[in-house]
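Me: I have a model open and want to learn how to read its features. Can you take me through strands, rings and a loop?

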Amino acid sequence: PPPPPPTTLPTFRRQRQMCIRDRNYTTTPIAYDNVHFDKTNQSEFIQFMIIPSVEKQASLSDKMVLYRQFGGVGIIVNVAKDKGSKRATVIADELAGLFRSKVINGIQFRTPEVSMIGITDGYYKVNVYIGFYYDNIL
């Protein structure tokens with residue numbers, strides 16, 4: 001098979017470095033994308049995923065090319081339906097504050113977007129999305 005694109009390994013490493021566990025978040029259990037998580041007997045938890053990035057060339061040089069990676073962090077806050085929006089909003093605000101307009105390991109985070117979803121699967125849900133970008137030079 002052909003070798004992976006030259007930015008694949010640095011991209012993967014940088015995205016893993018921004019993982020939520022590295023932000024010292026301990027309020028609720030965390031369900032990571034593609035990792036088994038048993039939500040039985042969990043009154044609240046979050047689902048965390050890194051939304052794949054899009055890469056665009058950001059320079060015109062033919063010697064050192066600057067590529068800008070765009071992507072996002074998606075978090076779904078799940079709180080027992082009898083606790084409702086108040087508790088879910090408190091957690092969502094805490095999570096948004098961990099990333100809001102910060103630069104972490106060279107990754108520039110944007111302003112979080114919070115959306116109230118309502119009750120689904122027995123949990124009151126709130127979505128938190130934080131866009132990001134960072135640069136690679138090849």
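Me: How many bridges join β3 to β7?

Reply: Some ground rules come before the count. This is a predicted model, where local features need pLDDT of at least 70, side-chain atom pairs count only at pLDDT 80 or more, and totals for chains, interfaces and linings use all residues. Residues are numbered from 1 along each chain as its sequence is written, and side-chain values use heavy atoms, leaving out hydrogens and water. Strands are DSSP runs of E, at least two residues, numbered from the N terminus; two of them pair if DSSP finds at least two bridges between them. Here 15 bridges join β3 to β7, and the two run antiparallel. G72 has G131 in β7 as its bridge partner.

Me: How many bridges join β6 to β7?

Reply: Seven, again antiparallel. G118 stands opposite K125. Two residues lie between the strands of this hairpin, and D121 takes a positive phi near 55 degrees.

Me: How many aromatic pairs does the whole structure hold?

Reply: Rings of Phe, Tyr and Trp (its six-membered ring) pair if their centres lie within 6.5 Å; planes under 30 degrees apart are stacked, over 60 edge-to-face, the rest tilted. The search finds seven pairs. One of them, F45 and Y123, is edge-to-face, at 5.2 Å centre to centre and 85 degrees between the planes. F45 sits in β2 and Y123 in β7, 78 residues apart.

Me: Is S59 buried or exposed?

Reply: Buried means under 20% relative accessible area, exposed over 50%, partly exposed in between (1.4 Å probe, protein chains only). S59 has 18%, so it is buried. Its place is the loop between β2 and β3.

Conventions:
Helices (H or I, at least four residues) and strands (E, at least two) are DSSP runs, numbered from the N terminus.
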